[in-house]
Amino acid sequence: MKRRDPRQRQRRHIDRSFDTLKHDPYLERGKPRGPAVCPDCGAVFRRGRWQWGEASERATPHLCAACRRVRERAPAGTVRLSGEFFAAHRSEMLAVVRNEERRESRLHPLQRVMATREARGALEVSTTDLHLARRIGEALCSAYHGRLQVRYSPDEYRVRVNWSR
Ligand SMILES: [Zn+2]
């Protein structure tokens, strides 16, 4: 892959946590003013963040950022799985993807897999969150090695993760 932006190179080596990324416009736009409950997934907005649990009586219906992305088909992250090893062990790789999603979304309702689709011998997994896409790539890499590439869009609101083996 050719890299035009030298900053992009550097960025790969800096392990930034989710919090240090710029604010996701979907998150900002999707932030309710008070207690809320998402009509699509049932996540509850409380003390400034979305979480799983019982909605309070004062909670008003408000679509969470993840469900908004699902409705608008606007993923934050895309993970592309490809290669011969992948083709031969597809169901195992998919189990890693599902496992990461379960683990992350249990604590963070906004981190979900949106869809998986075939793309010329590869599999593309779209996610509602940048962090989850990267976690999936890292999980595949630590379980099966292979080649991992993480590229953020210039505005850093989207990420493309390529894993191949
Ligand atoms: Zn929701």
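Let's start with Val79, which touches Val125, Thr127, Ala133, Ile136, Gly137, Val161 and Trp163, leaving aside residues up to four places away in sequence. Keep in mind that this is a predicted model.

**The cores**

- The largest nonpolar core has 18 residues, and the members that touch the most others in it are Val79, Ala133, Ile136 and Val161.
- Two or more residues of this core come from each of β5 (77-82), α5 (90-107), β6 (113-119), α6 (130-144) and β9 (159-164).
- The top contributor is α6, which gives five residues.
- Another core lies apart from this one; it has 13 residues, including Tyr26, Ala43, Trp50 and Cys64.

- On the covered face of β9 you'll find Val159, Val161 and Trp163.
- The uncovered face holds Arg160, Asn162 and Ser164.

**Who pairs with β9**

- β5 and β9 run parallel, joined by six bridges.
- For one of these partners, look at Thr78: its bridge partner in β9 is Arg160, a residue on the uncovered face of that strand.
- β8 (residues 147-152) also pairs with β9, but in the antiparallel sense, over six bridges.
- Arg147 has Ser164 as its bridge partner in β9, and Ser164 is on the uncovered face too.

**The hairpin**

- β8 and β9 form a hairpin with six residues between the strands.
- In that hairpin, Glu156 takes a positive phi near 65°.

Conventions
Residues are numbered from 1 along each chain as its sequence is written. This is a predicted model: local features need pLDDT of at least 70, side-chain atom pairs count only at pLDDT 80 or more; totals for chains, interfaces and linings use all residues. A nonpolar core is a set of buried Ala, Val, Leu, Ile, Met, Phe, Trp, Tyr and Cys residues joined through C-beta atoms within 7 Å. A residue is buried if 20 or more other C-beta atoms lie within 10 Å of its own, exposed if 12 or fewer, and partly exposed in between; C-beta atoms are placed from the backbone. Helices (H or I, at least four residues) and strands (E, at least two) are DSSP runs, numbered from the N terminus. Two residues are in contact if their C-beta atoms, placed from the backbone, lie within 7 Å. Two strands pair if DSSP finds at least two bridges between them.
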